[in-house]
Amino acid sequence: MPQINCGGKEKLKKMAEQKKEAAKQKTGATGKYVAYVSSYTMTQKEKYGIRVYDVDLEAGRMCEKDKVEITNSSYISLSHDQRFLYSITDFGVESYRIEADGTLSFINHASINGMRGSHLSTDYTDSWLFVGGYHDGKITVLQLGEDGSVGEITDEVYHKGLGSIAERNFRPHVQCVKMTRDNHYLLAADLGMDQTIVYRFDAKNGKLKHADIIHSELESAPRHLAFSKEGRHLYIVHELKNSIDVYSYRENDGMPDFEKIQSVPTMNEQHSTGSAASALNFSADYSYLITSNAGDNSVAVFAVDKESGLLEKKFCLPVSGDYPKDADLFPDNRHLVALNQESNSLTFFTMDGENGLLVMNGKELPVKQPNCIAFRKLA
């Protein structure tokens with residue numbers, strides 16, 4: 001019988017461990033992480049709208065450690081200094097302090113003087129909170145305290161006009177609000193109007209002033225926005241067009257300048273009808289851009305050329321769940337999670353981005369109507 005080369009097996013094992021550790025060092029994914037998952041509550045008769053998970057980077061899995069009572073947390077956002085978490089709720093917005101172990105402590109809630117929001121984010125000084133309103137086509141600006149509390153409303157802007165999408169009642173729907181990284185302009189993706197409206201932001205008084213419009217194709221429905229790490233490129237995912245448009249960005253003579261440089265489909269040539277592109281997330285090291293296709297029930301991962309900003313599709317593959325509202329890579333770039341709203345589940349995968357491979361990693365994790373996920377490294 002052939003002899004087993006134990007020394008060879010040990011060498012291969014050691015090489016594999018070294019390769020894995022090198023991958024961790026490359027992405028900066030060392031230490032402990034937590035993940036926050038938001039979800040709807042009312043239709044499921046569930047009172048916990050945010051769940052906190054310990055993240056196992058090695059296994060590519062998550063384990064629930066805490067949950068927060070909040071109604072219909074449709075979207076969450078971390079402050080840029082990673083100290084606070086903000087969430088949409090039926091009653092406006094709520095703020096939480098992130099404790100040393102990653103759990104959340106309630107700070108306060110504030111009204112947005114309108115219908116329930118769809119998206120929120122902070123400016124890059126964490127002094128202001130912006131809330132986008134899908135239902136009333138409104139942008140609300142609120143002041144933030146140094147303790148993370150949400151203060152008074154400083155501006156309210158309603159989008160006006162007729163859109164092109166009959167199913168959306170021909171009216172404005174603000175789906176996403178994001179600042180440029182130079183903190184000069186707020187961008188508001190209006191899904192109903194097929195536009196992303198650019199506002200100059202007065203960071204002293206918390207006021208918005210119209211500056212420009214980025215026009216998308218008719219009936220494309222711009223949904224989410226993302227900026228590259230250095231802020232020179234903008235990415236807009238379109239829900240009905242199922243595509244990502246890439247723009248270069250710079251400021252010329254005090255005015256924003258956006259130039260379209262690429263448009264890539266989020267799905268394969270053969271795909272399900274009635275699909276809606278949903279998520280748009282960068283990996284922790286900005287090497288990959290991830291989007292999900294609800295209806296097609298797939299996730300697409302793109303490699304990002306950090307110099308040119310251009311995207312290269314690595315794969316578009318199924319997520320083993322229904323209507324993935326969000327999807328994101330673990331901080332190690334070796335694992336992926338999909339939030340499947342209609343099948344009430346999180347599904348996990350091992351990913352090989354270089355070779356375009358995605359393999360299911362263990363059984364699904366039950367969560368009722370998940371919406372959004374955010375990873376955070378613990379100190």
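**Contacts, pocket and cavity**

Q: Which residues does Asn205 touch, not counting those up to four places away in sequence?
A: Asn205 touches Trp128 and Thr154, with residues up to four places away in sequence left out. Contact means heavy atoms within 4.5 Å.

Q: What kind of model is this?
A: A predicted model, in which local features need pLDDT of at least 70, side-chain atom pairs count only at pLDDT 80 or more, and totals for chains, interfaces and linings use all residues. Residues are numbered from 1 along each chain as its sequence is written, and side-chain values use heavy atoms, with hydrogens and water left out.

Q: Back to Asn205. Where does Asn205 lie?
A: In the loop between strand 14 (195-202) and strand 15 (207-215). Helices (H or I, at least four residues) and strands (E, at least two) are DSSP runs, numbered from the N terminus.

Q: What does the side chain of Asn205 join up with in a polar contact?
A: The side chain of Asp202, at 2.8 Å. A polar contact is a pair of N or O atoms within 3.5 Å; within protein, one must be able to donate a hydrogen and the other to accept it, and residues adjacent in sequence count only if both atoms are side-chain atoms.

Q: How far apart are Asn205 and Asp155 in space?
A: 9.0 Å, C-alpha to C-alpha. In sequence, Asn205 and Asp155 are 50 residues apart.

Q: Why is Asn205 called partly exposed?
A: Because its relative accessible area is 42%. Buried means under 20%, exposed over 50%, and partly exposed in between (1.4 Å probe, protein chains only).

Q: Now the chain. How many helices and strands are there?
A: The protein chain has 1 helix and 30 strands. Of its 379 residues, 57% are buried. Among contacts between residues at least 6 apart in sequence, 49% join residues at least 24 apart.

Q: Which residues lie nearest the centre of the largest pocket?
A: Gln82, Arg181, Phe282, Tyr286 and Phe375, out of 41 lining residues. By class the lining has 21 nonpolar, 12 polar and 8 charged residues. Ala, Val, Leu, Ile, Met, Phe, Trp, Tyr, Cys and Pro count as nonpolar, Asp, Glu, Lys and Arg as charged, and the others, Gly among them, as polar.

Q: Which strand gives the most to that lining?
A: Strand 30, with 6 residues. Strand 30 spans 370-377. Other strands that supply at least two lining residues include strand 12 (174-179) and strand 25 (324-329).

Q: Asn371 next. Where is its place?
A: In strand 30. Its side chain reaches the backbone oxygen of Ser73 at 3.3 Å. A polar contact of 2.6 Å also joins the side chains of Asn371 and Gln341.

Q: Is Asn371 buried or exposed?
A: Buried, because its relative accessibility is 4%.

Q: Which residues line the largest cavity?
A: Ile112, Gly114, Met115, Gly117, Val131, Gly132, Gly133, Asp136, Lys138 and Thr140. Two elements give two or more residues to this lining, strand 9 (128-133) and strand 10 (138-144). The volume of the largest cavity is about 30 Å³.

Q: Last one. How many disulfides are there?
A: The count is 0. A disulfide here is a pair of cysteine sulfur atoms within 2.5 Å. Cys176 counts as buried at 1% relative accessibility, and Cys372 counts as buried at 3%.

Technical notes
1 Å grid on protein atoms, 1.4 Å probe; cavity = no way out; pocket = protein on both sides within 12 Å on 5 of 7 lines; lining within 4 Å. Points joined across faces, edges and corners; volume = space filled by probe spheres on them.
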